[in-house]
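Biologist: Before we talk about labels, please put the model on screen. I would like to hear the grounds for each term as we go.

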Amino acid sequence: HTLFGGWVMGRVADAARLPPVLGFIVAGFCSRPITDSITASAAPYIQTLAFLVVLVRAGLEIELTDLNRVTVPLGLLPVLADGSAIMATAMYSLGFSLTEAGALAFILASLGDGLVIPLMLELKPLRLGPMPRLMFTAAPLEACTALFTFGVFEGFAAAGANDQPAWSVILLG
């Protein structure tokens, strides 16, 4: 019922000329007391599924010819700069360790892609020139870079907690 409620609230928000994402958030907030115990155990799977759907949908828009000397740096440099700035802030202002700061930085750096990619799909029929094509290539690269880097830092953190070699945790989970 939560997914259906999210869909309905998205349509309501869209009819009110608001972003449908706002309706999805309201539906999730309203259904939390009802589905809290179910959501707690399913949350990691739901998050993985959400990122999978967004990235696969965006990946379907990428053509090999789109990966060039403009789009690849555009997909890598902003997320690395954002992640580095967040990481430095977390280390120096909040006292986080390198692995904690890195995990925090790159999960925060990847959050916008779940909102940006669906909105970019709405621009596609408008044929606005090369900009959407550039965004469809750079955004998935950015999201993959952020999620990969988060996974590396998470692996280092898990290795430290379990007294295992970091490479084994990162590669084997």
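Biologist: Which residues of α3 are buried?

Modeller: This is a predicted model. In α3 the buried residues are Thr71, Gly75, Val79, Gly83, Met87 and Ala90. In an α-helix there are 3.6 residues a turn, so residues three or four places apart point the same way.

Biologist: Why is threonine 71 called buried?

Modeller: Threonine 71 has a relative accessible area of 3%. The cut-off for buried is under 20%, so threonine 71 is buried. Threonine 71 is found in helix α3, and beyond its neighbours within four places in sequence it is in contact with Asp66, Leu134, Thr137, Ala138 and Leu141.

Biologist: What makes threonine 145 count as buried?

Modeller: The relative accessibility of threonine 145 is 15%. Buried means under 20%, so threonine 145 counts as buried. Threonine 145 lies in helix α6. Not counting residues up to four places away in sequence, threonine 145 touches Gly75, Leu76, Val79 and Leu80; Gly75 and Val79 are among the buried residues of α3.

Biologist: How do you know that the span of α3 is close to the expected one?

Modeller: Helix α3 covers residues 71–94, which is 24 residues. The expected span is 1.5 Å times one less than the number of residues, and for α3 that comes to 34 Å. From its first C-alpha to its last, α3 reaches 34 Å, so the span is close to the expected value. Just after α3, glycine 95 takes a positive phi of about 75 degrees.

Biologist: What makes the largest nonpolar core a core, and which residues are in it?

Modeller: A nonpolar core is a set of buried residues of nonpolar types joined through side-chain atoms within 4.5 Å. The largest one here has 8 residues: Met87, Ala90, Ala101, Ala103, Ala105, Phe106, Phe150 and Phe153. Two or more residues each come from α3, α4 (98–109) and α6 (130–162), and the largest share, 4 residues, comes from α4. Alanine 103 touches Phe150 and Phe153, leaving out residues up to four places away in sequence. In soluble globular proteins, nonpolar side chains tend to be buried together.

Biologist: How many helices and strands does the chain have, and what share of its residues is buried?

Modeller: The chain has 7 helices and 0 strands. Buried residues make up 27% of the 173 residues. Of the contacts with a separation of 6 or more, 62% are between residues 24 or more positions apart.

Key: Residues are numbered from 1 along each chain as its sequence is written. This is a predicted model: local features need pLDDT of at least 70, side-chain atom pairs count only at pLDDT 80 or more; totals for chains, interfaces and linings use all residues. Side-chain values use heavy atoms; hydrogens and water are left out. Buried means under 20% relative accessible area, exposed over 50%, partly exposed in between (1.4 Å probe, protein chains only). Contact means heavy atoms within 4.5 Å.
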